[in-house]
Amino acid sequence: MNLYKNYKFLKEEIRKLKLKKNAIILAHFYQLPEIQEVADFIGDSLELARKAKETDADIIVVCGVYFMAETAKIINPTRKVLIPYYKAGCLMADMATKEEILEYKKNNPDTFVVTYVNSSADVKAVSDICCTSANAVKIVEKLVQNGIKKFLFVPDKNLGSYVKEKIPKDIEMELWNGYCYVHDQVSKEDVIFYRERFPKCTIAVHPECKKEVRDLADFVGSTSQIVKFVKQTTSDIIVVGTEEGIIHYLKKIAPNKVFYSLHRRFICDAMKLITLPRLYNCLKNEMYEIRLDEKLLEEARKPIEKMLKLS
Ligand code: SF4
């Protein structure tokens, strides 16, 4: 069987298994095109979390990285949550540990810990609130309105610095020293290259990019905000400053526009570990299941619920 026929076969089998097992496939925008094509829903972390919360499917398959599947389990603990490959972990999420956060809190008891959802369940459980790149500014602004003046932003220093730019200058915000290697590798030279090559292009970047990149971009937003921006803009040439998997989705919603990736290798290797054969195997054998103990589920749910309520 050649690869095309094999993929066609797998897609059909995946569709049959989904129906038979009352399963839903949630896929992140950074997933491979063939995964996006069999998904029931494609979105960013916040949208996937919301979808996981409202679904009545018996099995939730999360095609994304490990923390996304953990989040789905935390907010919908009665369902079986599966990830097609257990090694699909976010490197940025590994840059903060529960022990480090607890130590920080011991030394800074009056600081409010805002944790990006790109973090482990353990870290979420010791955080005061979670946020995503789509709602980080809004969440912190609301907390400031409620009188909070000192924050620690975990783990992404780039998203944290973006949030810090948007809030009043008298608010203290310390940034954890984490970053996403995929977005952090982009430099202002990449932006300048595209500006010179396509003077009429529009450059849209993710806030996980460095400040020097954000400052030169035309638009800064999360993946879902970039999707909305592309729907609205009149620009025909768009340079995308986030993981290139999203370009497959953007081409579908805006087939007449031309898209370029801001970096020559804008690829999250962990996201690409989710393949069609692994997804098929996952549905067929119901593996790998996310299992978290009751106490952790309960503690990690609180900051996520707070986020969902505030956003
Ligand atoms: S793109 Fe970056 S933040 Fe997102 S999953 Fe990959 S390593 Fe983690």
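Hi everyone. Let me start with a definition: helix axes here are lines fitted to C-alpha atoms over the stretch in contact, and the angle between two axes runs from 0 to 180 degrees between N-to-C directions. One more thing before we look: this is a predicted model.

With that in hand, take helix H4, residues 66-75, and helix H15, residues 294-310. They pack at an angle of about 95 degrees, and their axes are 9 Å apart. Angles of 65 to 115 degrees count as roughly perpendicular, so H4 is roughly perpendicular to H15. Which residues meet there? From H4 we have Thr 71, Ile 74 and Ile 75, and from H15 come Leu 297, Ala 300, Arg 301 and Ile 304. By class, that contact between H4 and H15 has five nonpolar residues, one polar and one charged.

H4 and H15 turn up again around helix H3, residues 45-54. H3 is largely enclosed by the rest of the structure, because seven of its ten residues are buried. The buried ones are Ser 45, Leu 46, Glu 47, Leu 48, Ala 49, Lys 51 and Ala 52. And what covers them? The cover includes strands E1 (23-28), E2 (41-43) and E3 (59-63), together with H4, helix H12 (223-232) and H15.

Now let's step back to the domains. The assignment gives domain 1 as 3-90 + 271-291, domain 2 as 93-179 and domain 3 as 182-261. Between domain 2 and domain 3, the C-alpha centres lie 26 Å apart. Their contact takes nine residues from domain 2 and 13 residues from domain 3. On the domain 2 side, those residues divide into four nonpolar, four polar and one charged.

Is Val 140 buried or exposed? The cut-off for buried is 20 or more other C-beta atoms within 10 Å; Val 140 has 25, so it is buried. Beyond its neighbours within four places in sequence, Val 140 is in contact with Val 114, Phe 151, Val 163 and Ile 167.

Last stop, the ligand. Around it we find Val 65, Cys 90, Leu 91, Met 92, Asn 118, Cys 180, Val 182, Glu 243, Cys 268, Ala 270 and Met 271. How does that shell divide by class? Nine of its residues are nonpolar, one is polar and one is charged.

Notes
Residues are numbered from 1 along each chain as its sequence is written. This is a predicted model: local features need pLDDT of at least 70, side-chain atom pairs count only at pLDDT 80 or more; totals for chains, interfaces and linings use all residues. A residue is buried if 20 or more other C-beta atoms lie within 10 Å of its own, exposed if 12 or fewer, and partly exposed in between; C-beta atoms are placed from the backbone. Two residues are in contact if their C-beta atoms, placed from the backbone, lie within 7 Å. A residue is near a molecule or strand if its C-beta atom, placed from the backbone, lies within 6 Å of it. Ala, Val, Leu, Ile, Met, Phe, Trp, Tyr, Cys and Pro count as nonpolar, Asp, Glu, Lys and Arg as charged, and the others, Gly among them, as polar. Helices (H or I, at least four residues) and strands (E, at least two) are DSSP runs, numbered from the N terminus. Angles under 35 degrees count as roughly parallel, over 145 as roughly antiparallel, 65 to 115 as roughly perpendicular and the rest as oblique. Domain bounds come from an automatic or database domain assignment.
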